[in-house]
Amino acid sequence: MSLFLHPGLVALTLGYVLSQFYRAFLAVLSSTLQAELGASAGDLAISSGMWFISFAAVQVPVGWALDNIGPKRTAAVLLALGGGGGAAIFALATQVWHLHLAMALIGIGCAPALMAAYYILAHEFPPAVFAGMTGLVVGFGSLGDILGTAPLVALIHSAGWRNALWLLTGATLLVAGLQMWLVRDPAHAAGAPRGRIADVLRLRVLWLMLPLIAGSYAVSAAIRGLWAAPYLRDVFGAGDAAIGKATMVMGIAMVAGNLLAGRFVWLCRSARRAAAAGHVLAIGALAGLCLLPALSLGLSVALLAALGMCGTNYALLMAHARGLLPVHLVGRGVTFLNMISVGGVGVMQFASRPVHHATDALFAPAQSYALLFLFFLVPVVIGMVIYLRTPEAADA
């Protein structure tokens, strides 16, 4: 069955569009929020980190809800209350802490969107097509990342940032309504075992994946969502329009990478080998930014685009993990791994703030950002070394 022939998956993918948008749109708003609310890059690192931390914190309850309540109500209710409510608070913000609160609520609202889609895919599609289908969901959902670049800049310039947030509030509530209408909960076989988080933790093979899962997505999410804009501004003097275009290139690369995930797995003959190859590219791009942070704007944008394409590493790791999970543990398993992945982004966001402050006080901007990129590089290298010990999935 095609993604577009499954209305529930389309509605959940729209929710993931919003999730991708909200996790990245602060990069474009950074100058505006600094001028109007006095929010520094460090303040926005906290706001962005709050999105990821709150998102991660509710993953275990979301896993329980998917198994016991179903993806329809889990996704729709949280998106309406958390996503819609948080966007409204953002639109009304007058203090920096209002942004922190708004982003935390939006993170909770976005938490079930992708996991609900994964849950349906795991129960209604064969494991062999999981990587391709999840790549499509993540790829089309990543359009939200593109909408948070140059299109958002144009909307802010024409309507103002507060009006833009009110439009987003309405769009979020509309998508939540579509999810409640279109999503259908999968039927469970009578007497089928229900997964428990303790059962997931007993799968020792997953522990070999956790270090890379914790550090991998932080590379594309944290750099695209926060540090790309100040890096381009401070090192190359780029303005809002140039930053919008550069981050849009990064977003387009992210979409392309995810849409090609299924084909990439086919070429590599397994999700594990595809994930390993994708992380080699990520390590190379980060190393380039560390070694040549100020050589040219074009090179830096190209390396950032490579990191954007490496955003598909998340889908590849989840596809590999799916092949290692029994069916009755898919709900708890993917939400647990998602908690580790997104929680890793939040931790790296928070930790990146003092790293940047310390290096910015001691070095020129180019060297300061080179050390910041090194901060993201080291955990990926360590995680990659450990990940290479994982076995292939049974359906590889």
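**Exercise 1. Work out how α4 and α20 are oriented and what joins them.**

Solution. Helices α4 and α20 are roughly antiparallel to each other, a label for angles over 145 degrees. To see this, take the axes of α4 (residues 59–68) and α20 (residues 330–362): they come within 8 Å and cross at roughly 160°. Here axes are lines fitted to C-alpha atoms over the stretch in contact, with angles from 0 to 180 degrees between N-to-C directions. Helices are DSSP runs (H or I, at least four residues), numbered from the N terminus.

Next, list the partners, where contact means heavy atoms within 4.5 Å. From α4 they include Val62, Gly63 and Leu66, and from α20 Thr335 and Met339 are among them. By class, this contact has five nonpolar, six polar and two charged residues.

A word on the model: it is predicted, local features need pLDDT of at least 70, side-chain atom pairs count only at pLDDT 80 or more, and totals for chains, interfaces and linings use all residues. Residues are numbered from 1 along each chain as its sequence is written, and side-chain values use heavy atoms, leaving out hydrogens and water.

How values were computed: Helix = DSSP H or I, 4+ residues; strand = E, 2+ residues; numbered from the N terminus. Parallel < 35°, antiparallel > 145°, perpendicular 65-115°, else oblique. Nonpolar A, V, L, I, M, F, W, Y, C, P; charged D, E, K, R; others polar.
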